[in-house]
Structure formats: C-alpha cells, structure tokens
Amino acid sequence: MALIPYALARPFLFGMDPEAAHELTIASLARTQGSALKWAYGSTRVDDPIELAGLTFPNRVGLAAGLDKNARCIDGLGAMGFGFVEVGTVTPLAQGGNPKPRMFRLPQARALINRLGFNNDGLQAFIANVKQSRLYQDRLAGSGGAHPMLLGLNIGKNAATPIERATGDYLTCLDGVYPYADYVTVNISSPNTKNLRSLQSDAALDALLGAISERREVLAQKHGKRAPIFLKIAPDLDADQVAAIAQTLKRYGTDRAGQVNNAWGVIATNTTLSREAVKGMAHAEEAGGLSGAPVLAMSNQVVSQLRSALGKTFPIIGAGGIMSAEDAVSKIRAGADVVQIYTGLIYSGPGLVKDSADLIKNTF
C-alpha cells in the first residue's frame, strides 16, 4: 500500500511544467527503486495470470511505452503492481527530440498533448539500463518467481533516418533489444516523427513486417527464444485501413491453417491527432499526439474492429484513454486481451494499476 496518497503529490506535480514534472518523477523513481522508499508508491500486484502470445502475463494491466523512454525505472514501475511494463521508444542513436515546450496538460479533458519526438539516449544506453535492472538480474539468477512481471521493449527510427531506410533502424534496434525482451513493440504510429505513420500503409507495412519476421527467426536461433513482436498502430485509422492492417498481421501472425502462431500481436492504440473532443480548450491546437480520456472511445473502436477482423485468439493489447478501472474493463469488453495505461497514471496515480487489475479479475 502506498505511503503517500497521490492526491497529495499531484497538486505539486501539476504546478510544474509538464515535462519538468515528468523528468522529476522519472529521476525520483530511478533513485528510490532499489531502496525501501519504493513503498511510497508501491502496491501488491494482483495475481490474475493470462496466457497470451506464448507468454504468461501475471495480470492484465501494463504500462504503455513513453513514460520511461530510457529504461531507467523498470523496477520502480514494476513495484506499482503492473503485470507488464513497456519501456522506450528507443532509436539506434541518441536524439534530443523536438524543441521545447513539447508537452501540455488539458486538465478539463483529463488529457495530454505531447510532441516529444522519440527523445532518448540511444540503443546502447537503453540496453545498459535494462541489464542493470533487478528484474533482469533476478532472471539471470533464476529467481524471478512463478509469474514474473513481463518486459516489453519498444523500438523506433531516428528522426534523421529517411523513411525509405526506416527498416534498417528497426532491425538495428531489434538486434539490440531482442535478448532482453519478453516481447518487442514496433512503433510505427507516433505522430511526432515525420512520415512515420506512412509505414502503416499496406505495401510499406508488408515490407517492414517481412523484414522483421525474417530477422526474428535468425535471432530466435541465436538466442534460443522466439519473442513475440507487437505492432503499435494509431487510432486515426478508418475501417478500411484497420482491415488492411489486420490482413497483413494475419499473414505473419497465423499459420497456413489460420491458427495464431504467437509470432505477432497488435497494440491499439497510440495517441490521436484529432482535436474534436478538446476544441476551444487551452493548448488544444498544439501540435502533437493527444492522449487521455478523449482517446478511449476511438481506441476501443479500433480494438473492436481488429478483434472482428483477426478472430478470437489473435493477441491484442488495448491502450488509450484508460482513466479508471471501468475504462480498463471497457477495453477488455471491446476485444483486448490485456491493457496498458499511461496518461491515467499521471491523472489518477499508481492506485489505478491495482484498481484496474482487481476489477478486471472480478469481472472476467
């Protein structure tokens, strides 16, 4: 049980510039995660295991990528009770991202806008941080327990890399993170890297998935494990676009008999470019991706369309707009197997993790 109610910490954090508050939070987690101070934000993990993509998820609530871009706080975040934590997005080379200011709160809508732009310290620093985590060290020692928290590593391309050479960046990152990942996420849906979302188009997506699938087979032989790969897509897709993505995923994620092969999954969704739900609010016209409550319905719609197109057993992680335990349940009802939160953690605090996992366990 957390010693410090988030309701007391939030006014202080919300009184700061959003990115400054973010950096302070990450620095504090990194500093305290190996000490008794982690109980200030810690919680007992809800035990509700589910088999998905050949993995055992300890419960159905995870952290979405973007909060811990450099994998500095894996253990601190894990202490909050997540069944799985996804860190990144990491790119081959370090990059500073877009100019500041680049993160904005919209409290009236319980939302955020960010245009960070994959700011991170690069692949080598990222891997070094993963290897220093207690989670990784326990696995090396064989002391991770029956259902250890799972770790997703999210990969992207450098802003300076031309879109026609994006596959090379993804393969470089895949080579680097594969030995340490329970699953790898291929992020082609951030709105803050020029032309990145064009990789969601049919021909480009087929070429990218083909190259990654081929490389993954080589890595599976080399490292003695076949980690599933999840494709993270945008909520700003029409029904035809979702259907096309689903067809491409089925080509790589099912066998000739149509059975799921646990090679691929999908994360729906990333942030949105739509401002329909926040018109007239302060910062509403800032460029970047909108996250939080306004994304829930559109994200759930994409999840539902994917489930219909992909069938009952294809792995789907639902993300976007989960601000309450009831929101998490709604995403499972829409068709997700497990869910991820990010903006909800900022507005509601770590208690949202246990509340969501408890309600999902008691509902399904």
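User: What makes the pair Asn-300 and Lys-331 a polar contact?

Analyst: The side chains of Asn-300 and Lys-331 are joined at 2.6 Å. A polar contact is a pair of N or O atoms within 3.5 Å; within protein, one must be able to donate a hydrogen and the other to accept it, and residues adjacent in sequence count only if both atoms are side-chain atoms. This is a predicted model, in which local features need pLDDT of at least 70 and side-chain atom pairs count only at pLDDT 80 or more, while totals for chains, interfaces and linings use all residues. Residues are numbered from 1 along each chain as its sequence is written, and side-chain values use heavy atoms, with hydrogens and water left out.

User: Why is Asn-300 called buried?

Analyst: Its relative accessibility is 13%, so Asn-300 counts as buried (buried means under 20% relative accessible area, exposed over 50%, partly exposed in between, with a 1.4 Å probe and protein chains only). Asn-300 belongs to helix H9, residues 296-310 (helices, H or I, of at least four residues, and strands, E, of at least two, are DSSP runs numbered from the N terminus). With neighbours within four places in sequence set aside, Asn-300 is in contact with Ser-330, Lys-331 and Ala-334 (contact means heavy atoms within 4.5 Å).

User: Why is Asn-59 called buried, and where does it lie?

Analyst: Asn-59 has a relative accessible area of 0% and is therefore buried. The residue lies in the loop between strand E2 (55-57) and E3. Its side chain reaches the backbone oxygen of Val-46 at 3.0 Å. Asn-59 and Asp-47 are 12 residues apart in sequence, yet their C-alpha atoms are 5.9 Å apart in space. Beyond neighbours within four places in sequence, the contacts of Asn-59 include Arg-45, Gly-81, Phe-84 and Ala-357.

User: What makes E3 and E12 partners of E13?

Analyst: Two strands pair if DSSP finds at least two bridges between them. Strand E3 (residues 61-63) pairs with E13 in the parallel sense over 3 bridges, and Gly-62 stands opposite Gln-340 in E13. Strand E12 (residues 316-319) also runs parallel to E13, joined by 3 bridges, with Gly-318 opposite Val-339. From E12 the chain crosses through helix H10 (residues 325-334) to E13, and this β-α-β crossover is right-handed: with the strands pointing away from the viewer, the path from the first strand over the helix to the second runs clockwise. Within E13 (residues 338-341), Val-338 and Gln-340 point one way and Val-339 and Ile-341 the other, and all are buried.

User: How do you know that the span of helix H2 is close to the expected one?

Analyst: The expected span is 1.5 Å times one less than the number of residues. H2 (residues 18-32) has 15 residues and reaches 21 Å from its first C-alpha to its last, close to the 21 Å expected. Asp-17 caps its N-terminal end, with a side-chain oxygen 3.1 Å from the backbone nitrogen of Glu-19. Buried residues of H2 include Ala-21, Ile-26 and Leu-29, and the cover over the buried residues includes helix H1 (6-14), helix H3 (74-78) and strand E5 (103-106).
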